[in-house]
Every structure is written in structure tokens, then in C-alpha cells.
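Work through the exercises below with the structure in view. Try each task before reading its solution.

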Amino acid sequence: MVQVGGKGILDNGLAGIDHNVLTGRLEDVVQWARARSLWPATFGLACCAIEMMAAGGAHFDLSRFGMEVFRASPRQADLMIVAGRVSQKMAPVLRQIYDQMMEPKWVLSMGVCASSGGMFNNYAIVQGVDQVVPVDVYAPGCPPGPETLLHAIITIHEQILNGEILRRRSEGAGPLVIEQRDGQTERGVRIGVRS
């Protein structure tokens, strides 16, 4: 009799096996396919959107990750990249697009304005997109360069591959904050201008 975790197959049937060769491999293939076929729904609202467009250009080439086409329809997308400040008037539209996206779906908050309202601490700007939609990864910077965006996307890929991103959601753990990869530092960044 085969024992798995102190319980046998004869006692519990297939429920007695946590993962066998077939189910373990199938789960790995599904996670690999999800990570390699992210289709982004862009929500470019400010200067961060220009950096996002640069990441899709030839120099940075998002197509090597299977993301060469930014989707115009939320029903064809599973990754929302919120790039820039979100106004109170735009927040319901952002939530509607998020609700129309297919499951499983992920959100990447790009830039300090999307993450915390940035320098716009007033009634008209949402002070963090996480008040409207659940965020999985924050990409810091003002604006974050294409290198930082690529690092955030690769982080999402890794989290999908190892199943960590869905575990974090079910356990109520917070989103991931990545480090900047484009040479900016806190001292080197002035309001809206890269040094």
C-alpha cells in the first residue's frame, strides 16, 4: 500500500495523493502557458504610458514574452498595466474594465502616481490604484523606465510559474514592490524629470 502523508490510496482513493506525475506536470504546463501568454490591457493615463510604449518598441521588445499586442478589449486581456495617475472620474471606468477581464487576471501599477497619487495629493486624484482594483506588483519610479516595467513583468511571470501570486491573493498577503532597474534613485529623481 502506498502511503502519502500518512494516508493511503486505499483509504482515500485519488484524494490520498497530493500530486502524481500526471497532475503535477499538467499544473506546471498550465502555469507555464499562463505566464508566457499574458495579454495586457493598457490603461495609459499619463507620462508613464510613454515609457510603456517604449517597452513595446524594438529596443526592449516585449514580443519576446508573448506580449507584442496590447489588447483594446478587456475580454481579450488578463494583465492590466495602470500607467499614470487615476482621477476620481476615471476610477469607475478602470473598475469596469477590470471586471470585464477574464480570470485569472493580474494588475501591475506602474509609477508613483498610480501607486500612491504621486505629487497630486488632492481630491481629484485617487491616492493609489489599489483603492479601485487589487494590485499584484508595483513598479516604482517617476516615470519608471522600460527596464523597470520589464522587471515587473518578469516578476509577474515568476509569480505565476510558482503559483505564488494566487497564494498571496488567497492568503490576503500584500502586493510585491520591485526595485527600480533604470538607474533612477530617490535623490536623482526630481518632480516629473529624470536626471
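**Exercise 1: Contacts along the chain**

Task: find what share of contacts (heavy atoms within 4.5 Å) between residues at least 6 apart in sequence join residues at least 24 apart.
Solution: the share is 75%.

This is a predicted model, in which local features need pLDDT of at least 70, side-chain atom pairs count only at pLDDT 80 or more, and totals for chains, interfaces and linings use all residues. Residues are numbered from 1 along each chain as its sequence is written, and side-chain values use heavy atoms, without hydrogens and water.

**Exercise 2: The faces of α3**

Solution: helices here are DSSP runs of H or I, at least four residues, and strands are runs of E, at least two, numbered from the N terminus.
Step 1. Helix α3 spans residues 48-55, and its buried residues are C48, A49, E51, M52 and A55.
Step 2. Down the axis of α3, these buried residues fall within an arc of 155° (from directions between helix axis and C-beta atoms), so they line one face.
Step 3. The face turned away carries exposed I50 and M53.

**Exercise 3: The largest core**

Solution: 
Step 1. Of its 24 residues, L79, L108, M110 and L149 touch the most other members.
Step 2. Elements giving two or more residues include α3, β4 (79-83) and α6 (146-161).
Step 3. The largest share, six residues, comes from α6.
Step 4. Beyond neighbours within four places in sequence, L149 is in contact with M52, A55, I81, L108 and M110.

Key
Buried < 20%, exposed > 50% of the residue type's maximum accessible area, 1.4 Å probe, protein only. Core = buried A, V, L, I, M, F, W, Y, C linked by side-chain atoms within 4.5 Å.
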